[in-house]
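I opened my notebook to look up a few features of one chain. The entries follow in the order I made them.

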Amino acid sequence: MQRILLFLYSIRAFLLFIILETLAIWLVTSYNSPQGAVFFNSSNFITGKFLNTKEGFTSYFELASANDALAQKNAELLKQLDQLSHPADSVHIPLDSTLESRYNFKAAKVINNSIRLNQNHITLNKGAKDGIKAGMGVFNEQGIVGRVKGVSNNFASVISLLHTDLLISSKIKSTDVFGSTQWDGKLSNKAKLKYVPRHVKVQAGDTVITSGYNAVFPEGLLVGTIDEVKPGTETNYLDITIKLAVNFSQLTYVYLVENNREAELDSLQDSLDIVNEQ
């Protein structure tokens, strides 16, 4: 304590100067309107700058939780949109069974992803406890991503569209001609649209979307655009290359879609030995 008092005594002149300066500034700004306005505006500017910097710094660390909340909200909106959408040739009857949405949507974050293998997989931060199930389709705001292969309690493994064994039932939007999208194991932004007959007129730039012919993806989700068309050399089908809509090297958040009637459809097709593309 004695050392503190001695230190304060040694700088008594400086402390007196600070006190007198503070008193002088207070008297000037309190009893002179122009100087008071300048001081007030300057202090507000400095305080505002400090608070703005502080807010930007803290907001940066809150981006992850904000993105999670936005992704969940978008999944809810997708479900509401599906509930409000009815085919043009259908009649809406206000019964409980008909009000049930055909699809459920959920959101998840990508925590692991590969693009350099022939059979690439993606890992999500949601699992069985979040309602994620094997067989659910996966997409994002750009287009089709893949399909859920397996789940644990907290995580899910997804077969990427960049997987040589995965086929996605697709169609050319302008003509409704359908085929199957399959990755050929080469470029991460290109795939093949298979089984389109050679007599079909196809042009580069045509949009390819999901066909809705399976129990996984709704109709109309973007797959990509046709990049190149060649006549098939050994088959009766065209050799069509698609430029994929999704940038698989920058996956962050994805949506998962579940068809509420998938089990019923699969049961019927299994009983008839019908092979269904995914």
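**Entry 1: the pocket**

I began with the lining of the second largest pocket, where β8 gives the largest share, three residues. The model is predicted, so I noted that local features need pLDDT of at least 70 and side-chain atom pairs count only at pLDDT 80 or more, while totals for chains, interfaces and linings use all residues. Residues are numbered from 1 along each chain as its sequence is written, and side-chain values use heavy atoms, with hydrogens and water left out.

I wrote down what a pocket is: on a 1 Å grid over the protein atoms alone, it is an open set of points where a 1.4 Å probe fits, with protein on both sides within 12 Å along at least five of seven lines, and lining residues have an atom within 4 Å of a point. Strands are DSSP runs (E, at least two residues), numbered from the N terminus.

I found a volume of about 220 Å³ for the second largest pocket, a volume being the space filled by probe spheres set on grid points joined across faces, edges and corners. Its lining includes K192, L193, K194 and Y195, and also Y237, L238, D239 and I240. Both β8 and β11 supply at least two lining residues each. I sorted the lining into five nonpolar, three polar and four charged residues. Here Ala, Val, Leu, Ile, Met, Phe, Trp, Tyr, Cys and Pro count as nonpolar, Asp, Glu, Lys and Arg as charged, and the others, Gly among them, as polar.

**Entry 2: the barrel**

Which strands make up the closed barrel? I read the order β6-β7-β8-β11-β10-β9, six strands with antiparallel pairing. The twist averages 40° from one strand to the next, with axes as lines fitted to C-alpha atoms and angles from 0 to 180 degrees between N-to-C directions. Two strands pair if DSSP finds at least two bridges between them.

I counted five bridges between β6 (residues 167-172) and β7. Three bridges join β7 to β8, and T181 stands opposite L193 in β8.

Is β7 enclosed or open? Four of its five residues are buried, so β7 is largely enclosed by the rest of the structure. Buried means under 20% relative accessible area, exposed over 50%, and partly exposed in between (1.4 Å probe, protein chains only).

**Entry 3: aromatic pairs**

Rings of Phe, Tyr and Trp (its six-membered ring) pair if their centres lie within 6.5 Å; planes under 30 degrees apart count as stacked, over 60 as edge-to-face and the rest as tilted. I got four aromatic pairs by this rule. F178 and Y213 are edge-to-face, at 5.4 Å centre to centre and 75° between the planes. They lie 35 residues apart, F178 in β7 and Y213 in the loop between β9 and β10. F178 is partly exposed at 47%.

Y195 and Y237 are also listed as edge-to-face, at 5.7 Å and 85°. This pair links distant parts of the chain, 42 residues apart. Y195 is partly exposed at 39%, and Y237 is partly exposed at 37%.
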